[in-house]
Amino acid sequence: SSSCKSRRRSNCEQGDDEAAFPPAGAGAGAGWWWEWRETAWFVAEHGSGRGFYNFVQARYVGTNGSSSCCFRTALFGRVHVFVSAALPGASRVLASDPPHLAKRYARTAADLLGPHSILCCTSHSRHRLLRRALAPLFSLPSTAAFAASFDRRATARLLLAAPAPAGVLLALDAALEISYGAICEMLVAGDSKLAMLQGDVFAVTQAMLALPLRCLPGSRFRRGLHARKRITAAIRDDIIRTRNAPNDHDLLSVLMQRRQAGHPDALTDEQIEDNILTLIIAGQVTTATAITWMLKYLSDNPQIQDKLRAEALGLGLKGDYPLTLQHLNKMDYAYKAVKESLRMATIVSWFPRVALKDCQVAGFHIQKDWIINVDARALHYDPAVFHNPTVFDPSRFNDDEEGEEDGVKKGSAQQRRLLVFGAGGRTCLGMNLAKIMMLIFLHRLVTNFRWEMADDDPSLEKWAMFPRLKNGCPIVLTPINHS
Ligand code: HEM
């Protein structure tokens with residue numbers, strides 16, 4: 001934003017060339033003691049009810065007390081630069097995907113997801129192969145089947161198993177359970193042990209940003225590694241089963257058939273294991289977390305909830321109807337509410353890339369091996385980009401252009417500035433699935449209940465990979481009388 005641009009020069013020391021070094025954040029220092037203190041601080045915030053972004057936000061305030069759009073710190077032995085995606089040039093780093101800026105993930109995440117995971121893959125050519133190999137999962141028929149499966153599960157969980165009138169639903173648990181079932185079915189249909197391992201998937205996500213205390217019995221990281229072993233063992237059993245009896249409906253069967261046919265994008269067993277685990281983790285916890293934030297924002301804004309209800313009931317769907325992609329396409333206001341929830345929740349706060357050589361990012365001098373974190377949350381809460389950014393307002397997207405491009409809705413300049421799913425060659429593969437899950441969950445809830453939060457505690461869950469409410473978003477449901 002313009003506010004970011006003008007503040008930049010005044011906050012920087014000058015580098016060797018034209019570009020400036022990123023300013024050191026609040027509490028700046030040097031040497032091993034400072035680095036250790038920054039890491040301990042980051043970990044402490046992560047383990048507090050305030051969440052790790054609190055660490056980042058505090059450091060945008062420079063040593064002289066003025067706020068900046070970029071700062072550098074040191075975490076886990078590496079220099080990290082955080083740069084607001086509102087700065088011209090920062091999100092271009094993602095969109096243009098230059099070869100000297102490789103994707104970077106915490107080593108702990110790479111250990112837990114595996115060396116072949118698409119999320120952690122740094123080689124451009126191997127990454128392209130993995131993206132092509134996983135593409136069938138996101139085809140239109142697969143997406144439609146996924147929507148039907150998620151809808152069936154959501155209906156069963158929210159309506160058939162609904163709590164007594166004015167009962168409390170723990171939204172996070174419900175969203176995790178429904179999305180886990182639907183994603184697993186899409187990846188490995190049939191009788192897979194994966195269905196029983198939701199707790200292990202949770203343990204892996206809890207370990208992703210933990211200290212890498214591999215040898216310490218009982219540490220979160222070690223528990224995560226053990227959970228990973230059980231999950232990959234289950235996938236290995238599924239690979240053997242599917243090799244003998246593939247069915248056409250799941251990703252694993254497609255991958256196995258490709259291998260048997262000698263397809264150039266065929267994946268090895270190890271690549272399949274790591275990427276099935278990755279898809280579950282990338283898809284389930286993110287989306288379930290987004291759903292809980294959406295329900296919280298709508299509980300805080302009952303008039304928006306009413307407007308959504310009016311749109312949903314106005315679709316004229318009666319009786320026991322399955323939702324289809326055509327129905328979802330008609331939910332204009334709900335779609336805006338989903339986008340606004342994604343903006344405010346900003347599930348993935350920043351995007352890490354490692355500099356493979358000295359370079360410039362958004363006008364700042366970056367040295368080889370530094371890690372550049374393009375900060376999406378700073379963009380989504382920048383008042384110069386989103387007017388009144390802390391207000392939940394789906395109508396801020398009213399000026400979006402209508403129309404579809406490659407099956408994805410086009411939007412206005414402001415919409416394009418959302419950085420919820422990343423940009424460029426590493427853009428989230430599951431973004432349409434995520435929006436579909438959110439729309440279906442919302443539709444089933446809004447057409448059957450009014451709701452409000454049962455507990456307003458704003459604390460965030462400790463050690464969560466993505467910021468989410470500690471209380472799991474308990475909502476009081478009041479059934480709607482349709483007569
Ligand atoms: C609200 C839900 C979701 C959010 C906020 C989200 C966000 C993201 C973001 C920001 C990235 C890019 C990270 C980067 O560039 O560093 C990403 C990548 C990815 N996401 Fe999602 N995601 C969501 C749901 C899903 C779902 C449902 C799936 C699939 C089932 C999925 C699969 C993936 C995969 C495979 C990648 C890696 C893409 C690559 O590196 O080429 N995500 N996601």
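Author: Helix α12 (269-300) and helix α18 each contribute at least two residues to the shell around the ligand, helices here being DSSP runs (H or I, at least four residues; strands are E runs of at least two), numbered from the N terminus. The model is a predicted one, in which local features need pLDDT of at least 70 and side-chain atom pairs count only at pLDDT 80 or more, while totals for chains, interfaces and linings use all residues. Residue numbers run from 1 along each chain as its sequence is written.

The ligand is surrounded by 23 residues, of which the closest are G283, G422, C428, G430 and A434; a residue counts as near a molecule if its C-beta atom, placed from the backbone, lies within 6 Å of it. Helix α12 gives the most to this shell, with six residues. By class, the shell comprises 15 nonpolar, five polar and three charged residues, where Ala, Val, Leu, Ile, Met, Phe, Trp, Tyr, Cys and Pro are taken as nonpolar, Asp, Glu, Lys and Arg as charged, and the others, Gly among them, as polar.

Because domain 1 (2-123) and domain 2 (125-348 + 384-479) both give residues to the shell, the ligand lies between them; the bounds come from an automatic or database domain assignment. That assignment gives the protein domain 1 (2-123) and domain 2 (125-348 + 384-479), and their contact takes 33 residues from domain 1 and 40 residues from domain 2, two residues being in contact if their C-beta atoms, placed from the backbone, lie within 7 Å. On the domain 1 side that touches domain 2, α1 (2-10), α2 (31-46), α4 (90-96) and α5 (107-113) each supply at least two residues, and the largest share, six residues, comes from α5. This side of domain 1 divides into 14 nonpolar, 14 polar and five charged residues.

Both α5 and α12 return in the surroundings of helix α9 (residues 198-207), whose buried residues pack against α5, α10 (220-244) and α12. The buried residues in question are V201, A203, V204, T205, Q206 and A207, where buried means that 20 or more other C-beta atoms, placed from the backbone, lie within 10 Å of the residue's own, exposed means 12 or fewer, and partly exposed covers the range in between.

Helix α18 (residues 431-446), for its part, packs with helix α7 (residues 140-160) at an angle of about 30 degrees, the axes being 10 Å apart; axes are lines fitted to C-alpha atoms, for helices over the stretch in contact, and angles run from 0 to 180 degrees between N-to-C directions. Residues in this contact include F146, F150, A154 and L158 of α7, and I436, I440 and R444 of α18. Its classes are 12 nonpolar, three polar and two charged residues.

I178 counts as buried because it has 28 C-beta neighbours inside 10 Å.

Taken as a whole, the protein has 18 helices and 14 strands, and 44% of its 483 residues count as buried. Residues 24 or more positions apart account for 73% of its contacts with a separation of 6 or more.
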